[in-house]
Amino acid sequence: MYMRLLIALLLGSLLITANGTAEDALSDVRIVEGIVQQRPPNTRQTLGKRYVWNFKGKPYTVLMTIDIEKYNSYDGKERYDIPQLVEEGRTTLGNLTREFQNIFRQRREWSRQDHVDFVLSFVQSLPYTLDDVTTGYDEFRRYAIETLIEGGGDCEDTTILVAAILRGLGEKTALIFTPGHIALGVSGDFTGASVTHGGTTYYYCETTGTGWGVGVLPPSFGTQVEAVVPLAPSKVDPAPKPNRITTPEPTPRRPSPDITTPTPRTPPITTPGAPSSETQANTKSKSRLGTAIVILFILIGLGISTVYFLHRAFKEQREY
């Protein structure tokens, strides 16, 4: 009886630990230079996806294996505020973010702006689709994993996706709302179109269309800003370098559009009632610390119980 109880407690602690790390919806991700023709195979549990895009005159391919059960869990899930969808994407796309980190470690000559532009070029390569065409709903917000599987989305969807990746890379970002449109702002030593909010300057990042780098505002968009919502950076842990696959024949990059950078005027900005970055970071730190303390006490209790039961069993055996 005591041994059954002990085994149940041990299994319970293992399940707690496993569930605490089983968040990533991408079980395998690889970004390779060149064009890879075959995508990962589909199985009963996983779905394989392949995307090809160009950056700095070279083609790149991302191959990913997506957990179908994790993807299906979003069916009927509440579409809450965009910052919360971004945070959800940061955790479910952790392996994709780590693969971007691996590429950046290989391309040591790239600048920080190259890093952001590389992520932007990937997201911009996804087709633009209207919500009421693909889902039957107007302004239907997708989770980042849904945008990847469904192969595109509108400005809301692609902004959520790129924000989730850049947040995982540790970039300080903000949502920039303009009339009828949403884009991302990135803080850093960049140039071009920008908006200042709360003492921080965010450079404009367009996620629809192709060829728009950091600080480039498409001529068709105005400079009037309705709101700026900062997002707290939260970097994912890097992964070891994987084995690389290269393809020697690159595909020429499509020419970028003739871009003009308008001089942005100082927009009227309203401060949304969102929690500050420091408050979110402190809350997450306390949550992780509390979880670690609970697990530690469980392990200590299991150790004491094990010693007690073994001592009692040995004592009863000697008495018999």
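Student: Where is Lys56 found, in terms of the strands around it?

Tutor: Lys56 is found in the loop between strand 2 (46-55) and strand 3 (58-67), where strands (E, at least two residues) and helices (H or I, at least four) are DSSP runs numbered from the N terminus. This is a predicted model, in which local features need pLDDT of at least 70 and side-chain atom pairs count only at pLDDT 80 or more, while totals for chains, interfaces and linings use all residues. Residues are numbered from 1 along each chain as its sequence is written, and side-chain values use heavy atoms, with hydrogens and water left out.

Student: Why is Lys56 called partly exposed?

Tutor: Buried means under 20% relative accessible area and exposed means over 50%, with partly exposed in between (1.4 Å probe, protein chains only); Lys56 has 47% relative accessibility and therefore counts as partly exposed. Its phi is near 55 degrees, a positive value in a residue other than glycine.

Student: What makes Gly198 exposed?

Tutor: Its relative accessibility is 75%, so Gly198 counts as exposed. Gly198 has its place in the loop between strand 6 and strand 7, and its C-alpha is 9.5 Å from that of Val228, although the two are 30 residues apart in sequence.

Student: Why does Asp157 count as buried, and with which side chain does it make a polar contact?

Tutor: Asp157, found in helix 8 (residues 155-168), has 0% relative accessibility and therefore counts as buried. Its side chain makes a polar contact with the side chain of Arg142 at 2.6 Å, where the term requires a pair of N or O atoms within 3.5 Å, one able to donate a hydrogen and the other to accept it within protein, with residues adjacent in sequence counting only if both atoms are side-chain atoms.

Student: Why is helix 5 described as largely enclosed by the rest of the structure?

Tutor: Ten of the 13 residues of helix 5 are buried, so the helix is largely enclosed by the rest of the structure; among them are Val116, Phe118, Leu120 and Phe122. Helix 5 (residues 112-124) reaches 18 Å from its first C-alpha to its last, close to the 18 Å expected, the expected span being 1.5 Å times one less than the number of residues.

Student: What makes strand 6 and strand 8 edge strands?

Tutor: The open sheet of five strands has the order 6-7-5-4-8, with antiparallel pairing, and two strands pair if DSSP finds at least two bridges between them. Strand 6 (194-197) and strand 8 (227-231) each have a single partner strand, so one side of each is left without a neighbour in the sheet. Strand 6 and strand 7 (residues 200-205) pair over four bridges, and Val195 has Tyr202 in strand 7 as its bridge partner.

Student: How do you know that strand 1 and strand 3 pair?

Tutor: Seven bridges join strand 1 and strand 3 in the antiparallel sense, against the at least two that pairing requires. In the open sheet of order 1-3-2, the edge strands are strand 1 (26-33) and strand 2, each pairing on one side only.

Student: What is the mean pLDDT of the protein chain?

Tutor: The mean pLDDT, the predictor's confidence in each residue on a scale from 0 to 100, is 74, and 68% of the residues reach 70 or more. Over residues 131-138 the pLDDT is below 50, and over residues 240-281 it stays under 50. Where pLDDT is low, the predicted coordinates should not be read in detail.

Conventions. Contact means heavy atoms within 4.5 Å.
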